[in-house]
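User: Could you take a close look at the aromatic ring pairs in this structure and walk me through them?

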Amino acid sequence: MGPPGRPLHIPGPDGRPEPWQQRFQSLQPYRVLDILLVSSAYDAFVLEEDGSLTDRLYSHYLELSLSATPRITHASSAPYALKMLRERHFDLVFMVVRPGGAETENLSRHIKSFEPGLPVVLLIFDETDLGAFPNGKLPPSIDRVFLWGGSTDVLLGAIKSVEDLRNATHDTAVAGVGVMIVVEDGIRGYSSFLSLLYPVLFQQSRSLIAEGLNDHHRLLRMRARPKILLATTVAEAEALYHRYADYVTALLTDMRMPNLAGQLDPRAGLSMAERWRKDRWDLPVLFQSAETQLRDEAEALGAWFVDKNAANFTRRVKRFMVEALGFGDFVFRLPDRTEVGRARDVYEMERLLPSIPEASVRYHAQNNHFSLWLTARSLFHLARRIRPMRIEDFEDIDTLTSDLVRMLREARFYEQESVITDLSSRNRGTENRFIRLGRGSIGGKGRSVAFVSSIIVGHGLLTRHQGLQIRIPKTVVLGTDAFDRFMEPLDVPALVSLDDDAELHRRVERASLPDDVLSDLRLAFTDLEGPLAVRSSTLLEDSRFRPFAGVYHTEMLSNDDESHQARFEDLCRAIKVVYASTFAGRAKRYLAGTPHDAEEQKMAICIQQVVGRDYGHGRFYPVVSGVAQSCNLYPVGGQTAEDGVAHIALGLGHTVVSGGVALRFSPGSPQSLPQFPDAVSFLRGSQRHFYAVSTAHHDTDGRVAGVHRYDLDAAEEDGVLHQVASVYQAQDDILRDNLRLKGPRVVTFNNILKWRSIPLAEAIGDLLCRLREGLGEEVEVEFAVDMPGGDIDARLYVLQVRPQGSLRYADLELHPEDVPEDALLATTDLALGHGSSPELYDVVHVVADPLLPQQQHELCRAVAAIDRELREAKRPYLLIGPGRWGSSDGTLGISVSWSEISGAQVIVETPIGERRVEPSQGTHFFRNITAAHVAYLTVTATERSWLRSSWLETRWEEQGGDPETAVRHLQLGTPVRSLVDGKQSRGVIVIA
């Protein structure tokens, strides 16, 4: 903005290039612009769409060259990857490790033989993945390996480290660009450390580009950032130092690592720094190490020391970097240069402008500072709008300020991304289904929802099924950066050490969310109507390597207070409650079995509108909620594993996920419910209660108290029950789908599954198929259905997706013919379940042939007694017996209840004499074995299905057992275990 009466003019270069301009023109000759990703579609989605990568990788490349943003090409198989390499040029190959290293090694070798100079980077999920390679060593065809724990900052670090290694020689020689040497020998260590360093370095770059007067200057200054070179041994570091001695600006090193002699030395890093300091006394050095006994020596050297295990590790490293690097804040000044305010970015500028003195706003407007600063931050459209404006066009400076704030808000709206809308104090975008607040990763749960959204759009699922739309609920994700900043002033080690969860919550709830986070939340909260679910979304949640399902807290809010401020305060409190669950007892117990701890967890927050509606009686809930899995591990009654399985219930999904009574069906055959052979079974085994968000119950503090349980008559009062229930007619022993009749109400979902009021089964099947293809493995989906009625389509909302957690042995392939017969106790092609049982040293074997009804009481009593004894001793066992276990018909099997055999880890059904009985499918019994993940094998006495009874007889004789005993407890010296491939319905019991 120019002075009154004159058009705005931004001064540009005077036509004479600055001396550095010519030198910087050729910097960064090698840039990763074309990436080949060899992985599943889900990994490709994470690479392209996760908040951290989108914010840091894509925006960074846009700043480097507006016309040459990176392209990511996905190959889901080795042959396709090689085909792409023959057809196109790539700058980098990412390979996601898969079980078994042979395919990975072969592909990398082929890539190097085809193009020797092409960098190949391997991504692993755990250090144990290296065990897939011979002797645990990487083949020479793989240049570097990075540990990917879910954060895309690691991917950014991998890409930039490849670029920096290639460009260092050229850039130091041409323009004297600085070099930072990082020395770390551990994969986990350098993966994590580089993911921290590069974002901080980009902050420095953003401050440097603020000095540029135009687009061209900005590009050149971005290219001049320091290079980070990684060394994993002292020898590698020494070679780098001697090569770039004149340009080394910092050393960041571990203490313990192999020294020059190749021996592991706890002082190796210290000795190296001492040698380098003799040449460069002022060289900045940061030790990041667990060797705390060397802290004094390090600090005596004038170096920084940060304990790797310290709660403030990240903060200390950032402080080291920040004190050496500058940031380009917008400094509000008066004409006499007095500072009156400071904005780190455009978001803070919008927030601060109304409070800035008029004289300062006038001063900056007259001098083009607003336009210049916005151009430096790539807001070119907004800069062009401001440039021609004149101060005299405004009534006063207040009006000018209001217009600037409005234009900043509009600019945020135009810059929103198409799939994941980045809010971060930008226009909230009322029509956007997925909005991201702030910076950092959106976490595993957030990624899964965004991925589902892309699948829905990409495959046209929104309106594919007539009468039933598929979509995601409106979701707002608060990135991990907010969590980091919220926790910064807190004493994290003290929180971790607390054993009292109530006290933990009190301490965390007393802390305040950062001001800019509150500002962003207020903006997004305006359009979040109705009940809300505030859910955790840590980096590792819903990942294929560790699902972390149910570890952290979810808070349900009714969001119906008349006071907007009260509702907003409830939301902030809920966020802090979820944050606190990071350090709660349940999380710590889960993390104890992983390489991670509570202090290193970064949590994003998913805020989702609860699916459903308020039916006028203080209850808000969907008609249907459920969980669906793409692989049915217990297919019965004509079902197949490939068709998947779904569990649905009336009301909120709490019924299903908490193990309550739900209806189980296969999307491929929804009308086949073998667990309910008659009307009485349905009556006895169907849902009796449902859950809803209550607006009528309040806790002691006056807040609405989340979720409550109701009887079915409440749903009938709400006018909902008729959509999912039938009526049991005792006189006819039949179910009728007419709630005008008298009789017990039974939740059958006949209206949906039998009469297809909505195509739910088809939609779930379609969705599972698409998501299974996208993730490259079996999936589990949480969903809810709203059925408003009338002319409005029903809507199936996908709440989240994750790898199917129970498929820990997804690549398990059974080949009983390859196992020596004397090593098999049983084999069958009628097996339910999936995976391997622990080693079992106890067998309960019922020998009763023929099976007589009058024996039932005695047999059941004997089995129950042994089961009770073994459960008390915490010894799971193998249960073998004739016919159906749990059958109410004494001629078809042993009539035990589940509680009488609940300690069994593996159950085997054998023929009754020459009579083959169909496998158990009883309502409660079948539900219990599926919930407990019990392996269930049915032996049919054929060539492919048999039990080696002679082995059991021999063990009984060796134990001195009475041959007349019908119920035998065998205590084995040699254990047995089951292996079940649920996809193929094959199972074996192996003698260890």
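Analyst: Happy to! Rings of Phe, Tyr and Trp count as a pair if their centres lie within 6.5 Å. A pair of aromatic rings is described by the distance of the centres and the angle of the planes. In this predicted model, there are 10 aromatic pairs.

Let's begin with Phe483 and Tyr579. Phe483 belongs to helix H19 (residues 480-487) and Tyr579 to helix H23 (residues 564-580), so the pair ties together parts that are 96 residues apart in sequence. Phe483 is buried, at 3% relative accessible area, and Tyr579 is buried too, at 0%.

Helix H23 also takes part in another pair, through Phe568, whose partner Phe525 lies in helix H22 (residues 515-525). This pair ties together parts that are 43 residues apart in sequence. The ring centres of Phe525 and Phe568 are 5.8 Å apart and the planes are at 55°, so the pair is tilted. Both of these Phe residues are buried.

Rings can also join up in a group: Tyr615, Tyr621, Phe690 and Tyr710 are linked into a cluster by ring pairs.

The charged end of Arg166 sits over the ring of Tyr30, 4.8 Å from the ring centre. Likewise, Arg955 places its charged end over the ring of Trp951, 4.8 Å from the centre.

Technical notes. Residues numbered from 1 in each chain as written. Predicted model: local features only at pLDDT ≥ 70, side-chain atom pairs only at ≥ 80, totals over all residues. Heavy atoms only, no water. Phe/Tyr/Trp six-rings, centres within 6.5 Å; stacked < 30°, edge-to-face > 60°. Helix = DSSP H or I, 4+ residues; strand = E, 2+ residues; numbered from the N terminus. Buried < 20%, exposed > 50% of the residue type's maximum accessible area, 1.4 Å probe, protein only. Lys NZ or Arg CZ within 6 Å of the ring centre and 35° of its normal.
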